[in-house]
Amino acid sequence: MLTLTPGAATLAQLETIWREGLAVRLDDSARPGIEASAARIEAAAAGDAAVYGVNTGFGKLASVRIAPEDTATLQRNLILSHCCGVGPALDAPAVRLMMALKLLSLGRGASGVRPVIVELMEAMLARSVTPVIPEQGSVGASGDLAPLAHMAAVMIGHGEALVGGERLPGAEALARAGLAPVTLGAKEGLALINGTQFSTALGLIGLFRAMACARAAVVTAAMSTDAIMGSTAPTRAEIHSLRGHQGQIEVAAAIRALLEGSAIRESHREGDARVQDPYCIRCQPQVTGAALDVLRFAARTLLIEANAVTDNPLVLSDGSIVSGGNFHAEPVAFAADQIALAVAEIGSIAQRRIALMVDPALNFNLPPFLTPAPGLNSGLMIAEVTTAALMSENKHLANPCSVDSTPTSANQEDHVSMAAHGARRLGLMTRNLAVILGVEAICAAQGIEFRAPLATSAPLTRVMAALRARVPAMGEDRYLAPDLLAAQELVENGTLAAAAGVEISA
């Protein structure tokens, strides 16, 4: 069980929720604010003044007044009518992170929900009741309406949820876990479905996966440098301090440390006829470091959003209930676009390193396609082609989503963020990148082994051992798909970075 303080959750906490599936509860300090805003909404619902979403319709129907006795029906209808998601179901870890983010938002005490709403969400997380949420249907304003409606539907006994691996109707799923549906009060349905938690959760997951790839990319870049007998001179500290970008400085320092003590490097420090390495070797700190800086900027945006109140209307500190636009997910859309650009570029330069290693015209005396018997064997020829395909796919996917808007809801919502699109694509993009980096590790390891009896550095020797525990050296041609998958997993789960001792944080 992880206790979160609204407004103060950290990236480390959010990543732990996603990776480990921890139950979540709000710190007790949040309860007074939750109770106070709920009381204010209750009073407004009983009053004569029109308050959007409390005693009126929604969106274009905001001018329609709703009688106090119809409050519960209004909220129920809102949830059911907005359950219009389509496509494959979001995976359970992502749903749980989304629910934790919604708890953080409600816990700020500006949404007007009763404590019972928060308690039911906490109990669902604690007892692993996971709503089935289709991935498609949100334009990122007014919040992630359709996905969040599927979450809220389970809370009122509708929709579907997973319990113990079984997909059940919402009411049955709650009962299986010893829970009961809630009857929504004034504004509570709106508070649950207004907000950016779907987009933010997927953006955060994209960030966490991208950072794992960035750490692995530093390792595979160092391996590739040794495999082609590249120079470490371009990693000298002063070069990078003269430019001043923090990510570039850190990546150069990490690669320099990883190659320290390599006998392969020392063997060609003097007398090497090559004056300069290709950019994919020489400019690794400049490219991967710049991507790291972009990821960190996106991380700051997503952390702010994770701790934000993003529904509407909001109960302000003076007791007023004001309609605003915090549900508009433009910050998340920009962050997702930035992550996508960084992921595409890390993969682009890594793919060029792979191409360099398999090409006998460029790889400084390594055999074609890194096979000991070229001709009869194709070696890693098509593994490189696969990385080219994935690199190209990521280039297309990296096109910005944030600049694409279309009016919805009878032109009431006439500019939307498309944050959900931007965040959803990051899952595929980071998987593609992990494959590219996994193939790079396979190629680089093969190249380093061809340099025997010269040995690489101690950190990279540990990386080689971790890789070889899952992916044997390439002799005769064999069925390669399982090797690519194994290497991808070593990138994604942090094994290669951990073996090298590379620690780079967002």
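A: A residue counts as buried under 20% relative accessible area, as exposed over 50%, and as partly exposed in between (1.4 Å probe, protein chains only). The model is predicted, so local features need pLDDT of at least 70 and side-chain atom pairs pLDDT 80 or more, while totals for chains, interfaces and linings use all residues. Residues are numbered from 1 along each chain as its sequence is written, and side-chain values use heavy atoms, with hydrogens and water left out.

Q: With that scale, is N365 buried or exposed?
A: N365 is exposed, at a relative accessible area of 67%, and it sits in the loop between α15 (330-358) and α16, where helices (H or I, at least four residues) and strands (E, at least two) are DSSP runs numbered from the N terminus. In sequence N365 is 82 residues away from G447, yet their C-alpha atoms are 9.8 Å apart in space.

Q: How many residues of domain 1 are in contact with domain 2?
A: With contact taken as heavy atoms within 4.5 Å, 23 residues of domain 1 meet 14 residues of domain 2.

Q: What area do domain 1 and domain 2 bury between them?
A: The size of an interface is often given as the accessible area lost when the parts come together; the figure is found with a 1.4 Å probe and summed over both parts. For domain 1 and domain 2 it is about 1400 Å², of which 61% lies on carbon and sulfur atoms. On the side of domain 1, the residues that lose the most area to domain 2 are L11, W18 and S105, which together account for 35% of what that side buries.

Q: How many salt bridges does the rule find across the interface of domain 1 and domain 2?
A: Side chains of opposite charge can pair when their charged atoms come close, and the rule asks for a side-chain nitrogen of Lys or Arg within 4 Å of a carboxyl oxygen of Asp or Glu. Across this interface it finds one salt bridge, and K187 and D311 also form a salt bridge, in which the closest N and O atoms are 2.3 Å apart. Among the helices, α1 (11-20), α4 (92-106) and α8 (188-193) each supply at least two residues of the side of domain 1 that touches domain 2.

Q: How many salt bridges does a search of the whole structure find?
A: The total is 18. One of them joins R19 to E15, with 2.7 Å between the closest N and O atoms; the two are four residues apart in helix α1, so about one helical turn separates them. R19 is partly exposed at 43% relative accessibility, and E15 is also partly exposed, at 22%.

Q: Where do E35 and R31 lie?
A: Both are in helix α2 (residues 31-46), four residues or about one turn apart, and their salt bridge has its closest N and O atoms 2.9 Å apart. E35 is partly exposed at 38%, and R31 is partly exposed at 39%.

Q: Which parts does the pair of E188 and R114 tie together?
A: The side chains of E188 and R114 meet in a salt bridge of 2.7 Å, N to O. E188 belongs to helix α8 and R114 to the loop between α4 and α5, so the pair links parts that are 74 residues apart in sequence. E188 is buried at 1%, whereas R114 is partly exposed at 32%. Elsewhere, salt bridges with shared partners join R31, E35 and E119 into one network.

Q: What joins N312 and P313?
A: A cis peptide bond joins them, with omega about -5°, and P313 is placed in the loop between α14 (284-306) and β8 (314-315). The bond from A452 to P453 is cis as well, with omega near 15°; P453 lies in the loop between α17 (419-449) and α18 (458-468).

Q: What is phi of S128?
A: For S128 phi is near 55°, a positive value in a residue other than glycine; S128 is in the loop between α5 (115-126) and β4 (130-131) and is partly exposed at 38%. M418 has a positive phi too, near 60°, in the loop between α16 (381-397) and α17, but M418 is buried, at 6% relative accessibility.

Terms used. Buried area = accessible area lost by both parts, 1.4 Å probe.
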